[in-house]
Amino acid sequence: MKKLLLASIFAGSFLIPNHAVKAESVSLSDQGLRADSHAPIGVMQDHMHKKGDWMVSYRFMRMHMDGNRNGTDNLTPEEIATTFPNRFSGMPGQPPTLRVVPTEMTTQMHMVGGMYAPTDNVTLMVMTHYIDRKMDHVTFQGGSGTAELGRFTTVSQGLGDSTMAALIRLYDDETHHLHLNAGLGLPTGSITEEDSVLAPNGMTPTVRLPYAMQLGSGTFDAMPGLTYTGISGQYGWGAQYRSAIRLGRNSADYSLGDRHMITAWGSYLFNNAVSGSLRVTGETEESIDGIDDLIAAPVQTADPDNFGGERVSLSLGMNAVIPHGVLKGHRFSAELTVPLYQDLNGPQLERDNAFILGWSKSF
Ligand SMILES: [Cu+2]
């Protein structure tokens, strides 16, 4: 306890005007054995560590998309196939309207992360993930009409992009904590995944999969952000802004849309070991800039304009930290997210429920 106290006082005196740090203050983000000293598990880079501490973490995330919309209007596959023009129309064998429509998509991610604090004011983190994507489609026959030719599923799996970040302490007192998120996205995920598809003419060629099925961005991404957390008695709260700004175009001559996300949460500590949380998230994402010449098909996901939009979601979460025994200090968390609002640059698949399960341990 004394060490913690000293550490946080040192931390405070380093970057922060002295009056900001009260003698009895213990940095809330350094309080290892309170369930709510970490944000809900869906919030990344939410906390810092004290000098010399390590943390390893694993998260499993499953996201489901079901049904289509354009703007805020729901669309059936038949409506998409008869009303939306195919941007590749005019190229050999390309019909005038979209003929292949995604109906559902499931993304599963295994995320492995590490954190290390070289000083009390800086925590470094690295994260990478393994992705498994699956998309179901319906193909309509020939160049027009709504006669269904068949259904097919494409899959892609492998390493996704990785993130490196420095979390820089800006302010700390017994109630409030603020840090800067200085992140860099590394293009470790593939952008050349292929699979076979069912074309409207009945052929089943193997082609480069549309953007949504690729595993990475292909670009280095600047990921600046700012994180605030607070704690008082049984209550915790926080807010975070994070973004992904694509630095140039990738080797296939496009860049995914820039993303900006703001999230805010409140939590309640039932006892030191268990807390519950409620969180609201708003996200904006731009459409894709540029085009991969190897992605050309009468399907909405092959059109770089049909990406991005604005989304608001609500998440219900739980954090637990094992207080004693062989698993002492191990954290287990879960969070379920449901969409509240989606205004998409469509036609586009819309988000359904998502959940994350997480484990972490500090040393
Ligand atoms: Cu950590």
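**Figure 1. Overview of the predicted chain.** The chain holds 2 helices and 16 strands. Helices (H or I, at least four residues) and strands (E, at least two) are DSSP runs, numbered from the N terminus. This is a predicted model, in which local features need pLDDT of at least 70, side-chain atom pairs count only at pLDDT 80 or more, and totals for chains, interfaces and linings use all residues. Residues are numbered from 1 along each chain as its sequence is written. The C-alpha trace spans about 75 × 40 × 35 Å along its principal axes.

**Figure 2. Confidence along the chain.** pLDDT is the predictor's confidence in each residue, from 0 to 100. Its mean over the chain is 90, and 91% of the residues reach 70 or more. Over residues 1-31, pLDDT stays under 50. For that segment the model has 58 contacts beyond four places in sequence. Two residues are in contact if their C-beta atoms, placed from the backbone, lie within 7 Å. Among contacts in the chain between residues at least 6 apart in sequence, 67% join residues at least 24 apart.

Figure 3. Two strands pair if DSSP finds at least two bridges between them. Strand 4 (residues 122-140) pairs with strand 5 (residues 148-172) in the antiparallel sense, over 18 bridges. In this view, D136 stands opposite T153 of strand 5. Strand 5 also runs antiparallel to strand 6 (residues 176-186), with 10 bridges joining them. S162 has L186 of strand 6 as its bridge partner. A hairpin of 3 residues links strand 5 to strand 6.

**Figure 4. The largest nonpolar core.** A nonpolar core is a set of buried Ala, Val, Leu, Ile, Met, Phe, Trp, Tyr and Cys residues joined through C-beta atoms within 7 Å. The largest has 24 residues, and L98 and V101 touch the most other members. Helix 2 (77-83), strand 3 (100-119) and strand 4 each give two or more residues to this core. Beyond its neighbours within four places in sequence, V101 contacts N68, P77, I80, A81, H137 and V138. A second, separate core has 11 residues, including M48, M127, A165 and L167.

**Figure 5. Two residues with positive phi.** Q45 is not a glycine, yet its phi is positive at about 55°. Q45 sits in the loop between helix 1 (2-15) and strand 1 (54-71). D253, also a residue other than glycine, has a positive phi near 70°. D253 belongs to the loop between strand 10 (235-246) and strand 11 (254-255). D253 counts as exposed, because it has 12 C-beta neighbours inside 10 Å. A residue is buried if 20 or more other C-beta atoms lie within 10 Å of its own, exposed if 12 or fewer, and partly exposed in between; C-beta atoms are placed from the backbone. Of the 363 residues of the chain, 41% count as buried.

**Figure 6. A cis peptide bond.** G346 and P347 are joined by a cis peptide bond, with omega about 10°. P347 is placed in strand 16 (residues 331-362).
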